[in-house]
Amino acid sequence: MSSDNLLKNRRKKQLLADLNKWKRRFSSDFARWRKRTASNWAKWKKSACSDWAKWKNNRSAGIEKKAVSSIQNNSERVQPSGKGNAPGTKKKIRWFWEKPQVSKAVRKESAKVISLEELNQKVFLPREHLRRKHSKLNREIVVVTVFFSCLFLLFTGYFMDLILNQAETYAGSGYNITRQDLLDQKVVRGSILDRNGNVLAETVTGEDGEESRNYLYDGLFAHTLGYAINGKSGLEAQYNYELMSTDASLEEQAVADFYARKLPGNNLVTTLDLSLQKAAAETFGDQKGAVIALDPKTGEVLALYSNPGFNPNTLAEDWDALVSEDNPDSNFLNRATQGLYPPGSIFKILTALAYYREFGPEAVDAFEFSCVGGFEKDGFRMNCFNGAAHGWEDFTRAFANSCNSAFCELGTQLNLTAFRTLCESCFFNESFPFQMAKTSGSFQLNAESGTWDILQTVIGQGQTLVTPLQMALITAGIAGGGIVMEPHLVNCVTGADGVVLNKVENASYREIMSQEEAAFLTRNMVEVTRVGTGIMMQDSRYQAAVKTGTAEYITGVDLTHAWVTGFAPAEDPQIVVTVVLEDAGTGSVAGAAVADRLFKVWLLGEE
Amino acid sequence: MELYLHAARYGMILMILLYVLFTLFYLFKKNQSGFSMLNYLQRLLLFLYHAAGSSILYLMTENQTILIFYAFQVLFFVAFLLFWRKLYPDSSKMLLNNVCMLLCVGFLIQSRLNLDKSIRQFVIVAVAGIGSLLIPWIIRYFRHFDIGWFLYSVVGIGLLGLIYVAGNTEYGAKLSFSIGSTTIQPSEFVKILFVFCTASLLRERQSFKRVFLATAIAGAHVLLLVLSRDLGTALVFFLAYLAMLFVATQKIRYPALGMLAGSAAAVGAFHLFAHVQTRVEVWADPFADPLNSGYQILQSLFAITTGGFFGMGLYEGRAAAIPVASKDFVFSAISEEMGGLTALAVVFLCVMNMLQMLRMSARLSERFEKIVVFGLAVVYASQVLINIGGVTKMIPSTGITLPFISYGGSSILATFILFAIIQGYYIRLEDEEDEL
């Protein structure tokens, strides 16, 4: 017990001693601090007072000046010091928001004219340089200050705008890929969705934190979505920046960045339709070729399938085989936009349009032709397909039968310069806006062309080459009453939470024909479905308007590309389909199967 | 570790913004020479900022040299602040602190871009910084700077002429000539001479003859610079001259006339010189030729916009990919890696410096001194403005350094001289007011 007390006492003592020591130290520190602060305070007060006195004396400088100049002409600058009287007189501290209140005593003192003796001392000091010219230029200085401050303010605004609003133009530029790759430190790449919100591609973070890009339908969308490993292509490349950026607020970004937490990137909503694309792939099977489906009213690309493609999920493993020179398939070529094919009979749409435009509806109505299976001019002979003789035909029958002989007869009457102009307005030999890599169709006919070239060209053979996309646009022009909408693949960019950030607006691109011309072609294309080569696509529930084609691509060899281009329903077009199948025989069979399926899926909701 | 890097990055942005805020308070303080808590806080922030930045540099590279270099930098800052404070207690503390802050940002970004060059830069800064202590002393005891306009103009025009005749061509412009292994860029120094020249010409009552003479001399400077294709510096001279003329004559019609003549000359130059046309075309549409003529400005814009407000972090961006990132385009490098906010803070510090310099000039009463300090302030402000405007595509890019931050001995030396001259006149004013 007592030992406990002893211990307690000792502790108590120790504590007290410590406390005392601290107190001593602290109090001496405090005293020193107080002293220093006091001296600083005094200094501050002193300088404030001296400033005040200076100001006060400046006011009375006029009087002093007079006094000085009466004695000595040279003396110009006299500033009686406020130093002497400042510490002595006790003054209220004036804060900057207070107006100076001059006490009576001070005013009296300042008004006092300084004595001659004082003047002598100050004026004749051995400091000649003090003779200065007084000149207030401060008004001008203020003007210049304001001018430059405004310029800097302007710059600040510009700089903020640059970072806030122009990031997409610059940071999102395709020339800035190396910097965009750095963004994956901060953002998980966003998903790509189809028009109904089905996820087509997403980035999955594994348990080890490793991220991988998963394409849910393997190669189904390979050519549109592209890939994001081994470089980037397709929409993955074009919308790289959008997918790698986030719409989170600056604070959220800062907080996430601070904790090294990644934010989800923006999502890309495409115009593609999953079921349509699936149907296209099913009907294609292993056949090479491409199909493209558009909405003629908006220009939205509903399906774009090119076969053979590649599987972006296994691209790294497949890469060497795909790019190998032994691989004849050109898997990376987007046949729908880059594949150049002879159009075959689907080009007769343009020949028909040219004839209608040049000779008018009466001439078309009056047209008559008797087909004997071939057409001869200047020693050249053009046969109908399979040498079939179609017999007597009017214009519509000739179009529906896709009669080569009749179209050679029509074509040889055409003004070639006008024909070339018409074709060039239909995207031949020129580029048009579309976000995928694309090639332009070529049309070589001109006023000097020979008969054989003319005969070949008017039925879609010879040197004429088109891409499926181009034919789809021309067909969309017919479906849209002459107006082609700008084709696009992207509907909008949304934030990770689904808020629409950047909507792609539908825009009309060009009027390629008049409304009457479109109606004329529609009439004829409907006949193709009803009684002509497109009979396979006739359906009681809707009326399709199509044109088939069978294009020879090597003279003398029996291999042909099968074409179909058309739209449905004819009276209110909802979908335009253009399909080309390589080495697949006739368009009226192979191509029709694909087109018919797509019409049914889109219009009737078949699965 | 990761967390520390992030914390340091955001901490740095916070610190420099706080620093700017203090500078703003300081600017509106009436009594700047006395004791001030703000002053100490600013210095504390300066050293904290420097330490945080250097620690990031070290952690990212694990290069021991950076630690030694850091120690030397701290030594320099301490010596610089101490010497100025002890030798010239009346100097403007705010300017001193701001110079140190800008130098600090400069050291950090230069070390990140190229450590060897940064060390060279540091040596020049140290020599120039300590050497500039001489200038206020010279100004105090040598008082006849106001009569030498003839000398200033002859030396200035002579140097610029020499550049035009025998300068090294760099990026299509003649800017410098070499003596041994060092290259000197005389236009940086001629700026100061030119301000003195104009001030001594316009210090007394301005007859038309005087104004005409001053204009002719200014025109000769600008013309030589345009011929040497140093358009940025030419613009600096032009702006400085107009501002000085306006303040000296107190007539708005002179600068207005000058602006008109300048615009006419700009249009003329656009039609006359192919390189001016190229610059303007690149400015109007940098994407026209993104891999050649537009490459530089696009890289700069990519850097700024990718970095955003908070930046990618030191060594985490691609700042080194910007052409001449260490010189003219240092602002973009700062913006990319240290954040747009840091870049804005740097701009604000420069604005504060300008305001402080102009404020000092307003306090001076003798015409010559007033015009000199005012002219130097305008030179400083317009140089900053033309640099940052150029690299952000606000105006066509012209090729000019950012004072205190860009790499380059001449630029650093000249800026230190400019700064010391302004301090010198200010110190003398304070001294004389104390004496009286």
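Reader: How many salt bridges does the structure hold over all chains?
Author: It's a predicted model: local features need pLDDT of at least 70, side-chain atom pairs pLDDT 80 or more, while totals for chains, interfaces and linings use all residues. Residues are numbered from 1 along each chain as written, chains lettered from A and ligands numbered from 1 in written order, and side-chain values use heavy atoms, without hydrogens and water. Counting salt bridges (a Lys or Arg side-chain nitrogen within 4 Å of an Asp or Glu carboxyl oxygen) over all chains, the total is 21.

Reader: How many residues apart in sequence are the parts that A:Glu211 and A:Lys262 tie together?
Author: Their side chains meet in a salt bridge, at 2.9 Å from N to O. A:Glu211 sits in strand β4 of chain A and A:Lys262 in the loop between α11 and β5 of chain A, so the pair ties together parts whose separation in sequence is 51 residues. (Helices are DSSP runs of H or I, at least four residues, and strands runs of E, at least two, numbered from the N terminus.)

Reader: Are A:Arg335 and A:Glu582 buried or exposed?
Author: They form a salt bridge too, with the closest N and O atoms 2.9 Å apart. This pair links distant parts of the chain, 247 residues apart: A:Arg335 is in helix α14 of chain A, A:Glu582 in the loop between β19 and α22 of chain A. Buried means under 20% relative accessible area, exposed over 50% and partly exposed in between (1.4 Å probe, protein chains only). Both A:Arg335 and A:Glu582 are buried.

Reader: And what is the relative accessibility of A:Glu211?
Author: A:Lys262, its salt-bridge partner, is partly exposed with a relative accessible area of 34%. A:Glu211 counts as partly exposed as well, at 29%.
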